[in-house]
Amino acid sequence: MLSYIIWDVEPEVFSWSTVPRWYGVFWAIGIFLSIAVAGYIFKIEKRQPKEVDELTLYLIIGTLVGARLGHILFYDPLHYWQHPIEILPVSLTPSFHFTGLAGLASHGGGIGLITSAFIFARRKKMDFLWLLDRIAIVVPLCGAFIRLGNLMNSEMIGVPSNMPWAFVFNNIDNIPRHPAQLYEAVYCGLIFGLIFYLWHRKRHQWSNGVLFGIMISILFSFRFIDEFFKENQEAFENDMIINMGQILSIPFILLGLLIITIRINKPIHK
């Protein structure tokens, strides 16, 4: 046991209060840094920085709604059909209170993000693919901090492992496990660095959409691999060859490759 990393972190920031929780704190950090990076990008590209604030609101709402509906539709539709009030992140018993951001599916969040970006682009008469390329820079940055929040919550745990960097999540059990949340946080951080670099060096050479295609194809390819190191979220996945997270990653990978193939050699309109 001494050769493993003992993870004994409580999800609450303060021992004397149930709020704030580390998950929400890391969400906030990810959003704040993403806004800062997006503001820098918009300034460099001669866009109005105030557009970032409105865009952020669209994306947060779209991502949360999509992530919640994605969890409901992809993982447990029968339960929520029978208990529709549980769709909302609140509890009515024994008293009305907010239950937090549990029950979110990142694939549904991706769909919600793309949808809200499309609505924003239409309203602002912006090139949709141009906007997706800029969003593609900050999505993995925010994703890295969300996964760190999962780590702090001791959730989305990995499968048992005997590797020396395995984590023992004391709040769960005494079994050494792959820190799958940390794996995802690391590769999201690396993808952010790559896409930001490509934006800096290639944005004048590639047509709109290529950066977004690269981001989602790489991100969800890593996500597909990372699922092998995670415990399944729902019991029904135990009888599947690949789990639901992997199945849902495939369309995103194919979409990214399709966009790259179509857009990489398109002439650039200046």
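Which side chains meet in a salt bridge with a distance of 3.0 Å, N to O? They are those of Glu51 and Arg47. A salt bridge here is a side-chain nitrogen of Lys or Arg within 4 Å of a carboxyl oxygen of Asp or Glu.

## About the model

This is a predicted model, in which local features need pLDDT of at least 70 and side-chain atom pairs count only at pLDDT 80 or more, while totals for chains, interfaces and linings use all residues. Residues are numbered from 1 along each chain as its sequence is written, and side-chain values use heavy atoms, with hydrogens and water left out.

## The whole chain

The protein chain has eight helices and five strands. Both are DSSP runs, numbered from the N terminus: helices are H or I with at least four residues, strands are E with at least two. From the N terminus on, the order is β-α-α-α-β-β-α-α-β-β-α-α-α.

The C-alpha trace spans about 60 × 45 × 35 Å along its principal axes. A compact globule of 270 residues would have a radius of gyration near 18 Å, and the chain's 20 Å agrees. That radius is taken over C-alpha atoms, and the globule rule is 2.2 Å times the number of residues to the power 0.38.

Of the 270 residues, 44% count as buried. Buried means under 20% relative accessible area, exposed means over 50%, and partly exposed lies in between (1.4 Å probe, protein chains only). Contact means heavy atoms within 4.5 Å. Among contacts between residues at least 6 apart in sequence, 69% join residues at least 24 apart.

Helix α1 covers residues 22-44. Its 23 residues reach 33 Å from first C-alpha to last, close to the 33 Å expected at 1.5 Å a residue. The expected span is 1.5 Å times one less than the number of residues. Buried residues of α1 include Tyr23, Phe26, Trp27 and Gly30. Their cover includes α2, α5 (128-152) and α6 (180-202). Just after α1, Lys46 takes a positive phi of about 60°.

Helix α7 covers residues 210-226. Its 17 residues should span 24 Å, and its end C-alpha atoms are 24 Å apart, which agrees. Twelve of the 17 are buried, so α7 is largely enclosed by the rest of the structure. Among them are Phe212, Phe220, Arg223 and Asp226. The cover of the buried residues includes α4 (106-124), α5, α6 and α8 (244-263).

## Salt bridges

The count comes to 13 salt bridges. Back to the opening pair: Glu51 counts as buried at 14% relative accessibility, whereas Arg47 is partly exposed at 28%. Arg177 and Asp173 also form a salt bridge (2.7 Å, N to O). Arg177 is buried, with a relative accessible area of 6%. Asp173 is buried too, at 19%.

Lys230 pairs with Glu227, the closest N and O atoms being 3.3 Å apart. Both residues are buried. Salt bridges that share partners join Arg147, Glu184, Arg223, Asp226, Glu227 and Lys230 into one network.

## The surface

The accessible surface comes to about 14700 Å², of which 68% belongs to carbon and sulfur atoms. Accessible areas come from the Shrake-Rupley method with a 1.4 Å probe; for residues, only the protein chains shown count as cover.

Leu57, Ile61, Val65, Leu69 and Leu73 make a nonpolar surface patch of about 470 Å². Patches are made of residues with over 30% relative accessible area and no salt bridge; like charges are joined within 9 Å, nonpolar side chains (Val, Leu, Ile, Met, Phe, Trp, Tyr) within 5 Å. Ile61 lies in helix α2 (residues 50-75). Ile61 is partly exposed, with a relative accessible area of 47%.
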